[in-house]
Amino acid sequence: MTEDILLSVENLKVHFAMKRRGLTGPKSFVHAVDGVNLKITKGKTFGIVGESGSGKTTTALAVMRLVPITSGTITLGDFRLDQLQGEELRRARRHMQIIFQDPYSSLNPRVRAGAIVREPMDLMDVGETSEREDRVAELFRQVGLRPEQQALFPHQFSGGQRQRIGVARALASQPDLVVCDEPVSALDVAIQAQIINLLRKLQDDLGLTYLFISHDLGVVQYICDEIAVMYLGKVVEQGDRISLFTEPLHPYTWALLSAVPSADPALRDQKNRIRLQGDPPNPIDPPPGCRFASRCPFSQDLCTRETPPLRPIKDGHLVACHLVSDDGVPPQHAD
Ligand SMILES: Nc1ncnc2c1ncn2[C@@H]1O[C@H](COP(=O)(O)OP(=O)(O)O)[C@@H](O)[C@H]1O
Ligand code: SF4
Ligand SMILES: [Mg+2]
């Protein structure tokens, strides 16, 4: 049986043009997203993790049609999002919503919470006007707020409550896909767990599909069914949560996992421990080869010459590393 795919992204590229040096200098491009493929099953949560600058937000904004797409296709249900314009795009928008990291800056401080949550319904003409008031009250309850709190302004809520308002607003248009871009990164750990639990409950109750973005593998392990690890605009490893956490194959994934205390059992083999040093290289016109080569302890000649393709190893577990063997043996440290 083929599973029901809600979002399909094929070979997505988003390159930002940089200012030319002088009048005749060559034009250069930031390769923010450089050939990303994603398939998200209806009702599931797909995670994207990677350090700051790896292209996660740009991927999210491209899916939402909020940045210009250089090439590639984006299909949401029956909509070819990459091709829609004007009124057609406006109509498709109610099916996808985004929750941002910072509930402080993404909510208008001068607008009452009730109006913030209601606005998408008015803008996108969702449901009967007469029913919208009740619907806003219901949304407040669904996200764990009291309907009376509609009258308050954003600064009268705590950080966690503000993110609940962001969630209620995202749900107002009854979307199929909710893109969550670092939705808990600005919150204390205890509050993070509450918001993650809320998102999971809403998913169960409403059948939502999430694209969930975080720089922290420790966070995605609590919510994602499938996870893609991004580095400098490319997916370097992808798999279901269990195989990614128990059999990580890419040295960059090991480095991210080394920073997650609760993932330690999967990494007891000290050989797999990698501490990341320095920053990722510049994403402007990157050279050929593996983009992780400058920080990879296993890098060889081949790595800087040829770009490793993302290839399947087993059961939907994909990796882009020359030194992972076809039967899934990862690179080894020379003892
Ligand atoms: N509008 C833009 N113009 C030029 N460069 C951009 C723009 N938006 C993002 N970038 C660059 O694209 C890369 C990816 O950024 P981003 O998608 O925000 O990464 P992440 O969300 O993983 O931190 C970064 O190098 C960033 O500086
Ligand atoms: S391809 Fe080479 S440089 Fe890239 S991750 Fe694999 S071993 Fe490291
Ligand atoms: Mg980001």
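1. A residue counts as near a molecule if its C-beta atom, placed from the backbone, lies within 6 Å of it. On that basis, 13 residues surround ligand 2. The closest are C290, C296, F298, C303 and C321. The shell is made up of 11 nonpolar residues and two polar ones, with no charged residue. Note that this is a predicted model.

2. Ligand 1 has a shell of another make-up. By class, the residues around ligand 1 are four nonpolar, seven polar and one charged. The shell includes the run G53, S54, G55, K56, T57 and T58. G50 and S52 also belong to the shell. F16, V30, A32 and P283 complete the list.

3. Which elements each supply at least two residues of the shell around ligand 1? They are β2, residues 29–41, and α1, residues 56–63. Helix α1 gives the most, with three residues.

4. Next, the sheet that contains β2. Four strands form an open sheet, with antiparallel pairing. Their order is β2-β1-β4-β5. The edge strands are β2 and β5, the latter spanning 79–80. Each of these two pairs on one side only.

5. The pairing of β1 can be followed on both sides. Strand β1 covers residues 5–17 and pairs with β2 in the antiparallel sense over 10 bridges. L12 has V36 of β2 as its bridge partner, and A17 stands opposite F29 in β2. Strand β4, residues 71–76, is joined to β1 by five bridges, again antiparallel. Here K13 stands opposite S71 of β4.

6. Strand β3 runs over residues 45–49, and strand β8 over residues 209–214. They pair in the parallel sense over five bridges. T45 stands opposite Y210 in β8.

7. One helix pair deserves a point of its own. Two packed helices are described by the angle between their axes and the distance between the axes. How do α4 and α6 pack? Helix α4 spans residues 113–124 and helix α6 spans residues 159–171. The packing angle is about 30°, and the axes are 7 Å apart. Angles under 35 degrees count as roughly parallel, so α4 is roughly parallel to α6. The crossing of the two is right-handed.

8. Which residues meet where α4 packs on α6? From α4 come A113, I116, V117 and P120. From α6 come I165, A168 and R169. By class, this contact has six nonpolar residues, no polar residue and one charged residue.

Methods. Residues numbered from 1 in each chain as written. Chains lettered and ligands numbered in written order. Predicted model: local features only at pLDDT ≥ 70, side-chain atom pairs only at ≥ 80, totals over all residues. Nonpolar A, V, L, I, M, F, W, Y, C, P; charged D, E, K, R; others polar. Axes fitted to C-alpha atoms, helices over the stretch in contact; angles between N-to-C directions. Parallel < 35°, antiparallel > 145°, perpendicular 65-115°, else oblique. Left-handed = near helix turned anticlockwise from the far one by under 90°. Contact = placed C-beta atoms within 7 Å. Pairing = 2+ DSSP bridges.
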